[in-house]
Amino acid sequence: MSHDSAIGIHDLSFATTEFVLPHTALAGHNGTEIGKYHIGIGQRSMSVPAADEDIVTLGAAAAAPIIARHGTDRIRTVVFATESSIDQAKSAGVYVHSLLGLQSACRVVELKQACYGATAALQFAIGLVRRDPGQQVLVVASDVSKYELDSPGEATQGAAAVAMLVSADPALVRIENASGLFTADVMDFWRPNYRDAALVDGQESISAYLQAVEGSWKDYGEQGGRSLDEFAAFCYHQPFTKMAYKAHRHLLNYAGHDTDKDDIERAVGQTVAYNAVIGNSYTASVYLGLAALLDQAEDLTDRPVGFLSYGSGSVAEFFAGTVVPGYRQHLRSEANLEAIARRKPVDYAGYRELHERSLPTDGGDHSTPAQTTGRFRLAGISNHKRLYQAR
Ligand code: HMG
């Protein structure tokens, strides 16, 4: 199969929350030795949404700079990927479409398969652009990762949204044709409709992820994919950053390569900076890895990057993208650092209060506390309808 594809990621922007909880504060509460968080799972802090933030406000905040740069004319499709959906019927993307003033001649849909959803959205977007290269597709991946208080998963929460503009002749990354796929029916992580927080079997989820690395890599080879040593770097789904290291070591072993520590660091080390301080952002996570890589790597021009997208349950895909000459002029490195730096630290009590909050379900008029300083906010709920504000 030819590697060529002139379709891919034209622009990439992300947003995260108003607040941040350092892992030192969580460790102070539960008595965990901080080394377990900083080294054992590779996390320093996690993004915590304000009472007036949700997947819609995060998604709109991520996409707004893309609209400001490229306009709305060519966007005829919005795909919103999430596993922390706010409505069983209406796509969160429709609220984003409205907040951003996109044209009415547009299809908007929500996609779900745990953390894999954004990759499905990207691949579907490429199919649409192939049909009509004049069109662009806005992919928004937005999630709030939430586990029970005082559970092992608690240290791997986080929240963020990534927006990507998919187009022909992309300015950042051309997505290649070969793709390795893997699906297996496992109950490693799930969230029944009646629950706010996910249920997870931690160790089972790690082995299910590693199985999926094997399965998708095997299929990638059978589909005519590149060999392992052609890649400049690998962006893995990062529920916690240590997982990228575990996954790459596993892949090297599976492919019969040596597992040298320095080689693993070279392959994934530049993809973890944003995830280490944001935490698990589910669908957005693998693309936050890409943002960190593009922002930090010296020069990736014409170099292939491997992507391993994993969503519990489980579906995974291994694919490759080639970095486009001139990509550096289109990066948002400063804005990315600012999105992280602008967060205000909360203490453990403040985080716990936000964690325990939920929107009233009585159908009455309720406003939410004005906490976020971001451009979009969830102003309240009335007659079971979420009310959003742009400023
Ligand atoms: P745990 O039981 O709290 O931790 O669960 P542990 O005992 O396994 O320790 C973690 C690591 O810290 C170990 O290292 C320890 O040795 C080390 P490892 O053996 O893994 O290399 N450690 C220390 N290191 C240095 N100094 C110390 C110290 N103490 C211990 N003092 C777990 C950890 C990640 C399982 C838990 O947080 C969890 O359940 N998280 C949620 C599930 C998850 O993230 N799974 C990942 C794979 S599934 C996935 O990625 C999909 C997902 O994103 C959802 C979706 O697709 O929608 C989750």
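Author: Two strands count as paired if DSSP finds at least two bridges between them. The model discussed here is predicted.

Reader: What makes S15 and S16 a pair?

Author: Strand S15 covers residues 366–367, and two bridges join S15 to S16. The requirement is at least two bridges, so S15 and S16 pair. The two strands run antiparallel. His-366 stands opposite Ile-381 in S16.

Reader: How many bridges link S16 to S17, and in which sense do they pair?

Author: Six bridges link S16 to S17, residues 385–390, and the pairing is antiparallel. Arg-377 has Gln-389 in S17 as its bridge partner. The two strands form a hairpin with two residues between them. In that turn, Asn-383 has a positive phi of about 50°.

Reader: Why is strand S16 described as mostly covered?

Author: Buried means under 20% relative accessible area. Six of the seven residues of S16, residues 376–382, are buried, and S16 is described as mostly covered on that count.

Reader: What makes S3 and S14 edge strands?

Author: The open sheet has three strands in the order S3-S2-S14, with mixed pairing. S3 (45–48) and S14 (344–345) each have a single partner strand, so one side of each is left without a neighbour in the sheet.

Reader: How do you know that S2 pairs with S14?

Author: Two bridges join S2, residues 19–22, to S14. With at least two bridges required, S2 and S14 therefore pair. These strands run parallel, and Val-20 has Pro-345 in S14 as its bridge partner.

Reader: Which helix lies across S2 and S3, and at what angle to S2 does it run?

Author: Helix H1, residues 23–30, lies across S2 and S3 and runs at about 55° to S2.

Reader: Why are H3 and H4 called oblique to each other?

Author: H3 (residues 55–70) and H4 (residues 92–99) pack at about 45°, with axes 9 Å apart. Roughly parallel would need an angle under 35 degrees, and roughly perpendicular starts at 65. H3 and H4 are therefore oblique. Their crossing is right-handed. On the H3 side the contact is made by Ile-55, Val-56, Gly-59 and Ala-60, and on the H4 side by Ala-92, Tyr-95, Val-96 and Leu-99.

Reader: What classes of residue make up the contact of H3 with H4?

Author: Seven are nonpolar, one is polar and none is charged.

Reader: Why is Leu-138 called buried?

Author: Its relative accessibility is 0%, and the cut-off is under 20%, so Leu-138 counts as buried. Leu-138 lies in strand S6, residues 136–145. Not counting residues up to four places away in sequence, Leu-138 touches a set of residues including Ile-66, Val-78, Leu-100 and Met-164. Ala-63 is also among those touched. The C-alpha atoms of Leu-138 and Ala-63 are separated by 8.1 Å, while the two residues are 75 apart along the chain.

Reader: How do you know whether each of Asp-169 and Tyr-282 is buried or exposed?

Author: Exposed means over 50%. Asp-169 has 63% relative accessibility and therefore counts as exposed. Tyr-282 has 3%, which is under 20%, and therefore counts as buried.

Reader: What makes the peptide bond from Gly-313 to Ser-314 cis?

Author: Omega of that bond is near 0°. Ser-314 is in the loop between S12 (304–311) and S13 (315–323).

Conventions
Residues are numbered from 1 along each chain as its sequence is written. This is a predicted model: local features need pLDDT of at least 70, side-chain atom pairs count only at pLDDT 80 or more; totals for chains, interfaces and linings use all residues. Side-chain values use heavy atoms; hydrogens and water are left out. Helices (H or I, at least four residues) and strands (E, at least two) are DSSP runs, numbered from the N terminus. Buried means under 20% relative accessible area, exposed over 50%, partly exposed in between (1.4 Å probe, protein chains only). Contact means heavy atoms within 4.5 Å. Axes are lines fitted to C-alpha atoms, for helices over the stretch in contact, and angles run from 0 to 180 degrees between N-to-C directions. Angles under 35 degrees count as roughly parallel, over 145 as roughly antiparallel, 65 to 115 as roughly perpendicular and the rest as oblique. A crossing is left-handed if the near helix is turned anticlockwise from the far one by less than a right angle, and right-handed if clockwise. Ala, Val, Leu, Ile, Met, Phe, Trp, Tyr, Cys and Pro count as nonpolar, Asp, Glu, Lys and Arg as charged, and the others, Gly among them, as polar.
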